[in-house]
Every structure is written in C-alpha cells, then in structure tokens.
Amino acid sequence: YLKDMKRILSLLLVSALLLNVPAGCKKDKGTPPVLPPANSMIIDFSNFEPKTKGANDDSFPKGSQISNWEFAAGAAMLWKAIIWTTLAVPVYSFDQITEKSPVYVDDNTWEWNTTATILNTTYKARLTGQIMESTVQWKMYISKEGSGSFTDFLWFSGTSDLNGTSGEWVLYESNQNPVEILRIDWSKTASEIGSVTYTFTKNGNPLKDSYITYGLTSNTLNAYYEISYYNTSFQQVFELEVEWSTSQHNGRVRCPAHFENDDWYCWDSNFANIECP
C-alpha cells in the first residue's frame with residue numbers, strides 16, 4: 001500500500017512539474033508596436049511637377065508668365081530628385097510593408113516582411129520593431145535579387161514614440177556606399193501627417209545640412225514648404241517659404257536671396273504670375 005501511495009505521489013509531483021513548465025516559460029508577446037504611417041517618409045510634390053506649355057493645355061495658358069511658380073517648383077524638384085533617384089527602393093518598400101501583418105520574433109521584437117518590384121528588379125524587405133521603455137526602435141533590411149544582388153542591407157533605421165505620433169528615420173545611401181545621407185523627422189496630428197522634414201546629412205556634399213519641411217494647415221493656402229539649400233550657381237544659401245492650396249493650386253513664395261526683398265510672389269490656379277492679394 002505504501003509503495004502504491006509513493007508511486008502515485010511521485011506521478012502527481014512529476015505531472016504538476018510538467019504542467020507548470022509551459023506556464024512558466026510561455027512568452028508574453030503582447031501587441032505589436034504602432035507602425036509609423038507610410039507617409040512619414042513622403043513629401044507631397046504633386047503641385048510642383050514640371051508643366052508643359054502646350055497649345056491645347058487649358059491648365060497652362062499659352063504665353064503666361066510662371067516664374068514665381070517655377071522658382072518654387074525648382075527648389076521642390078531638387079528634393080524630389082534626391083528621394084526618387086537615391087532612396088526610391090527603401091521608401092517604396094516601406095510603403096508596401098505597412099500593408100502587411102507582423103510576426104513576433106523575441107525580445108519584444110516584431111517583424112514585417114514584403115517583396116517589392118521596382119523597374120523589373122525584385123527586392124525583399126524585412127522591418128523589425130523593438131519595443132523599448134518609451135520608444136520603438138526600427139530597422140529596415142533589404143535584399144536584392146539578380147544582378148548586383150545583396151542580402152540584408154540595413155537601408156534605414158529609426159525611432160518613434162510608443163503611440164506612433166512622431167519619430168525620425170535615418171537613411172543610408174546604398175549597399176555600395178552605406179553612409180548616412182538623409183534624416184527624416186515626422187509628426188502626426190490625428191490621422192494626418194502634421195509635418196515631414198528631410199535634412200541632407202551626407203558629409204562632403206554642398207547640400208549638407210540643407211532641409212525641406214512639408215506640412216498641412218487649416219489656412220486657405222493649406223500646404224507649405226520651408227526650404228533651405230545651398231545654391232551652387234549663386235554660391236550662397238537660399239531660404240524659401242512656399243504656401244499653396246492643395247485644391248486650387250494657387251500659391252506664393254518668398255525668398256529674400258532670390259527676389260532681393262521680403263515680399264511674397266504669387267501665382268494663380270493656372271500657375272501664372274499674379275499680384276499678391
């Protein structure tokens with residue numbers, strides 16, 4: 001009888017220990033970090049795309065003077081060129097990855113994966129987000145298939161606050177030249193992006209410390225840029241303020257270094273020069 005009791009007690013003890021092992025070792029995954037919005041990397045350049053003076057183009061009257069809009073557009077397109085020639089792959093990959101669901105890895109870290117095809121070239125993107133005490137640490141690794149292939153290049157990293165309302169990105173130039181080229185600071189108001197600032201950070205380049213800030217307001221001219229860049233033709237820093245309507249497309253620009261005064265210079269919804277109200 002005693003033997004049977006000891007055997008039963010031993011089995012119960014072993015069973016209790018086995019039952020407690022999974023409970024004690026189970027990882028508490030929690031919830032994934034709040035992913036920064038796709039447009040935390042994107043500035044809207046649509047109002048300043050190059051225009052064509054076509055005889056049948058009603059939006060661009062023949063013979064009109066558009067120098068005010070053209071000046072603002074030139075500065076904007078400088079920044080668009082930097083993004084879309086150097087950083088198109090990581091920016092597009094991040095846009096694609098925001099539509100995916102993450103999986104838990106370990107150590108408060110979640111991972112998103114996607115595949116992006118740009119100009120017939122396939123890239124695989126892997127984004128990790130690690131929840132820290134007061135921030136989330138982000139790292140985007142990108143691999144390229146085919147000619148010039150590479151694996152897990154850290155193309156950008158960043159941080160954001162826990163509720164996903166502000167943060168920064170640091171982007172690196174390329175797999176061949178992995179140096180910091182751009183910093184992006186962003187903030188979100190409600191569901192909309194409040195502002196995005198690109199700062200050119202690559203050393204040894206005339207554009208070092210140049211920046212553009214884009215934001216939206218409730219004003220009639222509801223969008224704005226603040227731009228500072230080194231103009232190599234004039235060998236001086238140009239600082240611009242640009243405001244425009246995203247619906248009517250009219251706007252204004254101010255740049256003392258270019259216009260040699262502090263006045264605003266305006267254009268109408270057809271981009272033609274007008275006297276400012």
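View 1. Leaving aside neighbours within four places in sequence, S157 is in contact with W138, K139, E168, W169, V170 and Y172, where contact means heavy atoms within 4.5 Å. This is a predicted model, so local features need pLDDT of at least 70, side-chain atom pairs count only at pLDDT 80 or more, and totals for chains, interfaces and linings use all residues. Residues are numbered from 1 along each chain as its sequence is written, and side-chain values use heavy atoms, with hydrogens and water left out. S157 sits in strand 5; helices (H or I, at least four residues) and strands (E, at least two) are DSSP runs, numbered from the N terminus. S157 counts as buried because its relative accessibility is 16%; the cut-offs are under 20% relative accessible area for buried, over 50% for exposed, and in between for partly exposed (1.4 Å probe, protein chains only). Its side chain also makes a polar contact with the side chain of Y172, at 3.5 Å. A polar contact is a pair of N or O atoms within 3.5 Å; within protein, one must be able to donate a hydrogen and the other to accept it, and residues adjacent in sequence count only if both atoms are side-chain atoms.

**View 2. E111 and its two polar partners.** Look for E111 in strand 2, which covers residues 109-118. What does the side chain of E111 make a polar contact with? One partner is the side chain of N113, at 3.1 Å, and another is the side chain of R126, at 3.2 Å. E111 has a relative accessible area of 17%, so E111 is buried. Not counting residues up to four places away in sequence, E111 touches S101, P102, V103, V105, R126, L127 and T128.

**View 3. L35, in a loop.** L35 belongs to the loop between helix 1 and helix 2. Is L35 buried or exposed? With 19% relative accessibility, L35 counts as buried. Set aside the neighbours within four places in sequence, and L35 is in contact with I97, T98, W112, L127 and W138. Now find T165: L35 and T165 are 130 residues apart in sequence, yet 9.8 Å apart in space, C-alpha to C-alpha.

**View 4. Aromatic rings in pairs.** Searching the whole structure turns up 23 aromatic pairs. Rings of Phe, Tyr and Trp (its six-membered ring) pair if their centres lie within 6.5 Å; planes under 30 degrees apart count as stacked, over 60 as edge-to-face and the rest as tilted. One of these pairs is F48 with W244, which is edge-to-face at 4.9 Å centre to centre, with 85° between the planes. This pair links distant parts of the chain: F48 is in the loop between helix 1 (2-25) and helix 2 (67-86), while W244 is in strand 11 (residues 236-244), 196 residues apart. Both F48 and W244 are buried. Next come F156 and W169, whose ring centres are 5.1 Å apart and whose planes meet at 80°, so this pair is edge-to-face. Here F156 is in strand 5 (residues 150-161) and W169 is in strand 6 (residues 166-172), 13 residues apart. F156 is buried, with a relative accessible area of 0%, and W169 is buried with a value of 0% too.

**View 5. A cluster of rings, and a charge over a ring.** Which residues do ring pairs link into a cluster? They are F45, F48, W69, Y214, Y225, W244, W267 and F271. Elsewhere in this view, R252 lies over the face of W264, at 3.9 Å from the ring centre. A charge sits over a ring if NZ of Lys or CZ of Arg is within 6 Å of the ring centre and within 35 degrees of the ring normal.

**View 6. The disulfide of C266 and C276.** The count comes to one disulfide, meaning a pair of cysteine sulfur atoms within 2.5 Å. C266 and C276 form this bond, with their sulfur atoms 1.9 Å apart. C266 is in strand 13 (residues 265-267) and C276 is in the segment after strand 14 (273-274), ten residues apart. The torsion about the S-S bond of C266 and C276 is about 115°, so the disulfide is right-handed. C266 counts as buried at 4% relative accessibility, whereas C276 counts as partly exposed at 28%.
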